[in-house]
Amino acid sequence: VQLVESGGGLVQPGGYLRLSCAASGDIISMNVVAWYRQAPGKQRELVARRNNDGSIEYSDSVKGRFTISRDVPKITVYLQMNSLKPEDTAVYYCNVQLRTDVFRPLKYYWGQGTEVTVSS
């Protein structure tokens with residue numbers, strides 16, 4: 001299984017980006033999906049998570065500006081980020097719960113990270 005992230009880059013304050021996280025391999029199903037971020041010198045923090053029951057959680061710092069979504073047939077997770085602020089600068093990681101075998105438990109996988117820089 002491999003998770004490949006894309007969509008990061010340099011953007012001005014107030015701008016937007018859409019991050020993608022595409023899973024590939026022998027995957028049966030995709031369950032919980034989430035995005036985390038880690039700013040320089042800080043711990044990795046949860047940004048957004050879509051639970052298996054469809055409920056969605058956002059960190060207070062991004063609520064109203066970011067939207068997490070998924071495309072089940074494409075086994076891809078997205079993070080739409082609007083009204084970006086300099087404090088959103090970080091490396092963003094997707095974290096996806098996948099089932100790869102009917103006889104094995106679900107497992108979480110991490111993407112390699114994509115860098116987002118918000119600066120004028």
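1. In this predicted model, Arg 44 lies over the face of Trp 110, at 4.7 Å from the ring centre. The charged end of Arg 44 also sits over the ring of Tyr 93, where the distance to the centre is 3.8 Å.

2. How are the rings of Tyr 93 and Trp 110 placed relative to each other? The structure holds 2 aromatic pairs. In the pair of Tyr 93 and Trp 110, the ring centres are 6.4 Å apart and the planes stand at 85°, so the arrangement is edge-to-face. The cut-off for that class is an angle over 60 degrees, with centres within 6.5 Å.

3. Tyr 93 belongs to strand β9 (residues 90–99) and Trp 110 to strand β10 (residues 107–110), so their pair ties together parts that are 17 residues apart in sequence. Ring pairs also bring in Tyr 36, which forms a cluster with Tyr 93 and Trp 110.

4. Tyr 93 has a relative accessible area of 14% and is buried. Trp 110, at 41% relative accessibility, counts as partly exposed. These assignments follow because buried means under 20%, exposed means over 50%, and partly exposed lies in between.

5. Strand β9 also carries Cys 94, which is linked to Cys 21 in strand β3 (residues 17–24), 73 residues away. The disulfide between Cys 21 and Cys 94 has an S to S distance of 2.0 Å, and a search of the whole structure finds 1 disulfide. The link is right-handed, with 55° about the S-S bond. Are its two cysteines, Cys 21 and Cys 94, buried or exposed? Both Cys 21 and Cys 94 are buried.

6. As to secondary structure, the chain has 0 helices and 11 strands. Of the contacts between residues at least 6 apart in sequence, 56% join residues at least 24 apart.

7. For overall dimensions, the radius of gyration of the chain is 14 Å, which agrees with the value near 14 Å for a compact globule of 120 residues. Along the principal axes, the C-alpha atoms fill a box of roughly 50 × 25 × 25 Å.

8. On burial and surface, buried residues make up 40% of the 120 residues in the chain. The chain exposes about 6,600 Å², and carbon and sulfur atoms supply 47% of that area.

Terms used: Residues are numbered from 1 along each chain as its sequence is written. This is a predicted model: local features need pLDDT of at least 70, side-chain atom pairs count only at pLDDT 80 or more; totals for chains, interfaces and linings use all residues. Side-chain values use heavy atoms; hydrogens and water are left out. Rings of Phe, Tyr and Trp (its six-membered ring) pair if their centres lie within 6.5 Å; planes under 30 degrees apart count as stacked, over 60 as edge-to-face and the rest as tilted. Helices (H or I, at least four residues) and strands (E, at least two) are DSSP runs, numbered from the N terminus. Buried means under 20% relative accessible area, exposed over 50%, partly exposed in between (1.4 Å probe, protein chains only). A charge sits over a ring if NZ of Lys or CZ of Arg is within 6 Å of the ring centre and within 35 degrees of the ring normal. The radius of gyration is taken over C-alpha atoms; the globule rule is 2.2 Å times the number of residues to the power 0.38. Contact means heavy atoms within 4.5 Å. Accessible areas come from the Shrake-Rupley method with a 1.4 Å probe; for residues, only the protein chains shown count as cover. A disulfide is a pair of cysteine sulfur atoms within 2.5 Å.
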